[in-house]
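Okay, everyone, thanks for coming. Let me put the structure up, and then I'll walk you through a few spots in it.

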Amino acid sequence: MAARAYWKGQIRLALVSIPVEIYPATKSGASVSFRQIHEPSGKPIKYEKIVPGIGAIDTDDIVKGYEMSKGNYVLLDDEEIEAVKLESKRTLELLQFVDAGDIDILYYAKPYYVVPADELAEEAYIVLREALRKSKKVGLGQLSVRGQEQLVGLRPCGKGLVLEVLRYADEVNKAANYFRDVGNAKPDADLLDLATTLIDKKSGKFDAGDYHNHYVEAIKRVIAKKAKAKGKRVLEDVEEPSPVTGGSNVIDLMAALKASVDGKKKAPVAAENKAPAKKAPARKRA
């Protein structure tokens with residue numbers, strides 16, 4: 001089945017209009033979904049639309065309402081909402097161009113693939129793609145989709161263009177509210193060198209295929225065990241990291257970083273923290 005376009009319209013740059021179609025660039029990954037079950041009967045629980053004092057109602061009788069004050073709503077049907085005219089419903093006008101590095105990672109929400117709608121649009125599409133690549137800029141505009149006007153950025157990606165939905169300023173919490181108690185002290189030079197060495201040692205090219213959702217895999221193992229156990233309780237064994245105690249934080253951190261750089265599994269623990277080894281029992285004489 002062909003993918004369904006998320007949006008169809010045109011990108012406008014001054015007097016140039018490029019018909020395009022936009023498709024989701026991501027999909028739901030591996031996951032395990034659970035249903036709520038009534039344990040005595042083993043049947044799934046369902047939810048009904050209920051109005052207080054009336055009971056269950058038909059979904060056809062549901063409309064959208066905006067609460068003006070407590071218990072006082074203004075009702076709107078779909079046609080009234082759809083009739084709101086915004087230029088961004090059919091046209092993505094590129095209003096500004098900025099350096100990619102100027103957009104903080106916190107503002108990126110979701111990516112989409114942008115493709116030319118037909119062969120006639122392809123030439124202008126390629127010109128825009130290469131112009132963005134040459135200038136190393138991201139085009140900014142606003143797009144109206146499903147009742148929301150979204151702030152978006154347009155950038156080249158391989159042979160095509162990627163549109164990234166961006167968050168508005170009021171959707172991002174100020175970092176200062178969370179980092180105000182973090183100190184400004186300079187780190188120990190030796191610790192910094194060790195940490196930098198470790199980063200260099202573990203540096204490489206990103207490949208998303210190298211990573212897997214271990215939680216989902218573990219849950220599936222538990223489900224398989226439970227199915228075979230016929231209702232008996234099963235628990236997945238999980239390795240807990242051994243705590244490192246004693247000594248100053250700097251000494252422990254230094255030891256841990258050194259061990260990491262050397263490729264050891266665990267940082268050495270101060271000798272005074274080790275439990276005394278048990279003596280082997282003496283052999284009985286013949």
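So, which side chain does Arg12 meet in a salt bridge? Glu93 is the partner, with 3.2 Å from N to O. By salt bridge I mean a side-chain nitrogen of Lys or Arg within 4 Å of a carboxyl oxygen of Asp or Glu.

Quick housekeeping before I go on. This is a predicted model, so local features need pLDDT of at least 70 and side-chain atom pairs count only at pLDDT 80 or more, while totals for chains, interfaces and linings use all residues. Residues are numbered from 1 along each chain as its sequence is written, and side-chain values use heavy atoms, with hydrogens and water left out.

How many salt bridges does the structure hold? There are 5.

Another one joins Arg133 to Glu130, and their closest N and O atoms are 2.8 Å apart. These two are 3 residues apart in helix 2 (residues 119–135), so about one helical turn separates them. Arg133 is partly exposed at 35%, and Glu130 is partly exposed at 33%.

Is Glu164 buried or exposed? Glu164 is buried, since its relative accessible area is 16%. Arg155, on the other hand, counts as partly exposed at 23%.

Rolling a probe the size of a water molecule over the atoms shows where empty space is left. A pocket here is an open set of points on a 1 Å grid over the protein atoms alone, where a 1.4 Å probe fits, with protein on both sides within 12 Å along at least five of seven lines; lining residues have an atom within 4 Å of a point. The largest pocket comes out at about 450 Å³, where volume is the space filled by probe spheres set on the points, and grid points are joined across faces, edges and corners.

Which residues lie nearest the centre of the largest pocket? Those are Glu82, Ser144, Val145, Arg146 and Gly147, out of 16 lining residues. Helix 1 (78–82), strand 12 (137–145) and strand 13 (148–157) are the elements that give two or more residues to that lining. By class, the lining has 7 nonpolar, 3 polar and 6 charged residues. For those classes, Ala, Val, Leu, Ile, Met, Phe, Trp, Tyr, Cys and Pro are nonpolar, Asp, Glu, Lys and Arg are charged, and the others, Gly among them, are polar.

Tyr66, Met68, Val74, Leu76 and Ile81 make a nonpolar surface patch of about 480 Å². Strand 7 (64–69) and strand 8 (72–76) each supply at least two of the patch residues. Tyr66 is in strand 7 and counts as exposed, at 56% relative accessibility. A patch residue has over 30% relative accessible area and no salt bridge; nonpolar side chains (Val, Leu, Ile, Met, Phe, Trp, Tyr) are joined within 5 Å, like charges within 9 Å. The areas come from the Shrake-Rupley method with a 1.4 Å probe, and for residues only the protein chains shown count as cover.

Ala14 isn't a glycine, yet has a positive phi of about 60°. You'll find Ala14 in the loop between strand 1 and strand 2 (16–24), and at 59% relative accessibility Ala14 counts as exposed. Lys136 also has a positive phi, near 55°. Lys136 is in the loop between helix 2 and strand 12, and is exposed at 66%.

Conventions: Helix = DSSP H or I, 4+ residues; strand = E, 2+ residues; numbered from the N terminus. Buried < 20%, exposed > 50% of the residue type's maximum accessible area, 1.4 Å probe, protein only.
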